[in-house]
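Thanks for coming. Please have a look at the structure on the screen, and then I'll walk you through a few parts of it.

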Amino acid sequence: MSRVIVIGGGASGMMAAIAAKKNGNDVTLLEKNEKLGKKLFITGKGRCNLTNASDINSHMNNLMSNPKFMYSAFNAFDSDDIISLIEESGVKTKVERGNRVFPKSDKSSDVIKALKKQLDSLGVNVVLNYEVKDITKDDEFEINNDYTCDSLIVATGGLSYKSTGSTGDGYKWAKQFDHKTTKT
């Protein structure tokens, strides 16, 4: 069993932690905020626009650049899969104009609770109020001299809303480990 750490408790981080745990890994999710999914609270004007119910070809036709890059991702996990994941946790969804998918309750908090329910039921270790300051790697990754892991997933978001925790830390770590980043 591999040890996986996910940095970032937003939508991507929670989904990555769920997927890693379902693949048989020991998973810890580190979030610097006091709660998970802060940015999800404001999506869709607080209603949480989960996904778009259009088919893969429609998605591909609406990508501005390099749609082939996303093809394997859409085939591995599409909008039907996210809808199923949320509905399996007890949150019914609805499709509105433009094929936008929302929870029937129109409450983003219900989606966050559904993802948290998945994390809890799978046994993902969630650590809140934990800010990653330092990452090193020799044979394994080490975070703040507190945690070690075989694999690291950085899901910290970009620079969109600093109040939600999106402060661009992920760019710094990506560059540190020689990943290509684009100008922000």
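What covers the buried residues of helix 5? The cover includes helix 1, residues 11-22, and helix 4, residues 79-88. It also includes three strands: strand 2 (26-30), strand 5 (100-103) and strand 6 (125-127). Bear in mind that this is a predicted model.

Now, which residues of helix 5 are buried? Ser108, Asp110, Val111 and Ile112 are. As a general point, an α-helix has 3.6 residues a turn, so residues three or four places apart point the same way.

Next, a check on the helix length. Helix 5 has 15 residues, 108-122. At 1.5 Å a residue, helix 5 should span 21 Å. The end C-alpha atoms are 22 Å apart, which agrees. After helix 5 comes glycine 123. The phi of glycine 123 is positive, near 85°.

Let's step back to the loop between strand 5 and helix 5. Serine 105 is in that loop. Is serine 105 buried or partly exposed? Serine 105 has a relative accessible area of 35%, so it counts as partly exposed. Its side chain makes a polar contact of 2.5 Å with the side chain of aspartate 110. In sequence, serine 105 and lysine 92 are 13 residues apart. In space, their C-alpha atoms are 7.8 Å apart.

On to strand 2, part of the cover on helix 5. Threonine 28 sits in strand 2. Its relative accessible area is 11%, and the cut-off for buried is under 20%, so threonine 28 is buried. What does threonine 28 contact, leaving aside neighbours within four places in sequence? Val4, Ile5 and Val6, then Asn125, Val127 and Tyr147. With asparagine 125 there is a polar contact, side chain to side chain, at 3.5 Å.

Three strands form an open sheet in the order 3-5-4, with antiparallel pairing. The edges are strand 3 (51-52) and strand 4 (93-96), and each pairs on one side only. Strands 3 and 5 pair over two bridges. In one of these strands, strand 5, valine 101 is the bridge partner of threonine 51. Remember that strand 5 is also among the elements covering helix 5.

Terms used:
Residues are numbered from 1 along each chain as its sequence is written. This is a predicted model: local features need pLDDT of at least 70, side-chain atom pairs count only at pLDDT 80 or more; totals for chains, interfaces and linings use all residues. Side-chain values use heavy atoms; hydrogens and water are left out. Helices (H or I, at least four residues) and strands (E, at least two) are DSSP runs, numbered from the N terminus. The expected span of a helix is 1.5 Å times one less than its number of residues. Buried means under 20% relative accessible area, exposed over 50%, partly exposed in between (1.4 Å probe, protein chains only). Contact means heavy atoms within 4.5 Å. A polar contact is a pair of N or O atoms within 3.5 Å; within protein, one must be able to donate a hydrogen and the other to accept it, and residues adjacent in sequence count only if both atoms are side-chain atoms. Two strands pair if DSSP finds at least two bridges between them.
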